[in-house]
Amino acid sequence: QAQLVESGGGTVQAGGSLRLSCAASDRAFSNRAMGWFRQAPGNEHEFVAAISWNGDYTYYEDSVKGRFSISRDNAKNSVDLQMNRLKPEDTAIYYCVATLFSGAAPWDPSNSKSAFTFWGQGTQVTVSS
């Protein structure tokens with residue numbers, strides 16, 4: 001069964017940086033739009049960022065624009081999320097997600113949680129003040 005495995009979470013002080021990585025077990029993910037969601041305690045899943053299969057399109061939730069950057073390396077079946085200038089409100093479990101389509105045309109992933117068919121187990125990010 002296809003899997004997504006996150007790594008890179010941890011605890012960092014406010015203003016610091018972390019880089020999350022997602023390794024996909026199936027080569028098919030290299031042709032699919034992928035992204036990241038997060039869930040803080042007591043909250044629902046929140047869209048963070050997404051990227052089309054070839055990286056032509058990237059999308060970000062408003063609160064992370066200018067601080068987070070999503071990228072992918074299809075040769076390695078991986079997607080990364082570089083998080084800079086972290087804030088305590090970024091504290092959450094971060095999930096790597098993938099769709100069943102390429103994302104080659106513009107779309108709105110922030111309102112399309114159901115489009116993300118595959119989910120990883122999540123990695124904890126804690127930002128201390």
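In strand S11, Ser 128 is the bridge partner of Gln 13; strands here are DSSP runs of E, at least two residues long, numbered from the N terminus. This contact belongs to a set of four bridges that join strand S2 (residues 10–13) to S11, and the two run parallel. Strands are taken to pair if DSSP finds at least two bridges between them. The model is a predicted one, in which local features need pLDDT of at least 70 and side-chain atom pairs count only at pLDDT 80 or more, while totals for chains, interfaces and linings use all residues. Residues are numbered from 1 along each chain as its sequence is written, and side-chain values use heavy atoms, with hydrogens and water left out.

S11 also pairs with strand S9 (residues 92–98), this time in the antiparallel sense and over three bridges. Ala 92 stands opposite Val 125 of S11 in this pairing. In a regular strand the side chains alternate between the two faces of the sheet. Buried stands for under 20% relative accessible area, exposed for over 50%, and partly exposed for what lies in between, with a 1.4 Å probe and protein chains only.

A further group of four strands forms an open sheet in the order S1-S3-S8-S7, with antiparallel pairing. Its edge strands are S1 (4–7) and S7 (68–73), each of which pairs on one side only. Neighbouring strands of this sheet are turned by 15° against each other on average, direction ignored; the axes behind this angle are lines fitted to C-alpha atoms, and angles run from 0 to 180 degrees between N-to-C directions. Four bridges join S1 to strand S3 (residues 18–24), and these two run antiparallel. Within S3, Ser 21 is the bridge partner of Ser 7.

A search of the whole structure finds one disulfide, a term used for a pair of cysteine sulfur atoms within 2.5 Å. Cys 22 is joined to Cys 96 in this way, with an S to S distance of 2.0 Å. The torsion about the S-S bond of Cys 22 and Cys 96 is about -80°, so the disulfide is left-handed. With Cys 22 in strand S3 and Cys 96 in strand S9, the pair links distant parts of the chain, 74 residues apart. Both cysteines, Cys 22 and Cys 96, are buried.

Turning to charged side chains, the structure holds five salt bridges, each being a side-chain nitrogen of Lys or Arg within 4 Å of a carboxyl oxygen of Asp or Glu. Arg 38, Glu 46, Arg 67 and Asp 90 are linked in a network of such bridges. Arg 38 forms a salt bridge with Glu 46, where the closest N and O atoms are 2.7 Å apart. Of these two partners, Arg 38 is buried at a relative accessible area of 5%, while Glu 46 counts as partly exposed at 30%. Arg 38 forms a salt bridge with Asp 90 as well, the closest N and O atoms being 3.0 Å apart. This pair links distant parts of the chain, with Arg 38 in strand S4 (residues 34–39) and Asp 90 in the loop between strand S8 (78–83) and S9, 52 residues apart. For the salt bridge between Arg 67 and Asp 90, the closest N and O atoms are 2.8 Å apart. Arg 67 lies in the loop between S6 and S7 and Asp 90 in the loop between S8 and S9, so this pair ties together parts that are 23 residues apart in sequence. Both Arg 67 and Asp 90 are buried.

Ser 52 has its place in the loop between strand S5 (46–51) and strand S6 (58–60), and is buried with a relative accessible area of 0%. Leaving aside neighbours within four places in sequence, Ser 52 is in contact (heavy atoms within 4.5 Å) with Ala 33, Tyr 57, Arg 72, Ser 102 and Gly 103. Phe 101, in the loop between S9 and strand S10 (118–119), is partly exposed at a relative accessible area of 34%. With neighbours within four places in sequence again left aside, the contacts of Phe 101 are Asn 31, Arg 32, Ala 33, Trp 107 and Ala 115. Phe 101 and Ala 115 are 14 residues apart in sequence and 8.8 Å apart in space, C-alpha to C-alpha.
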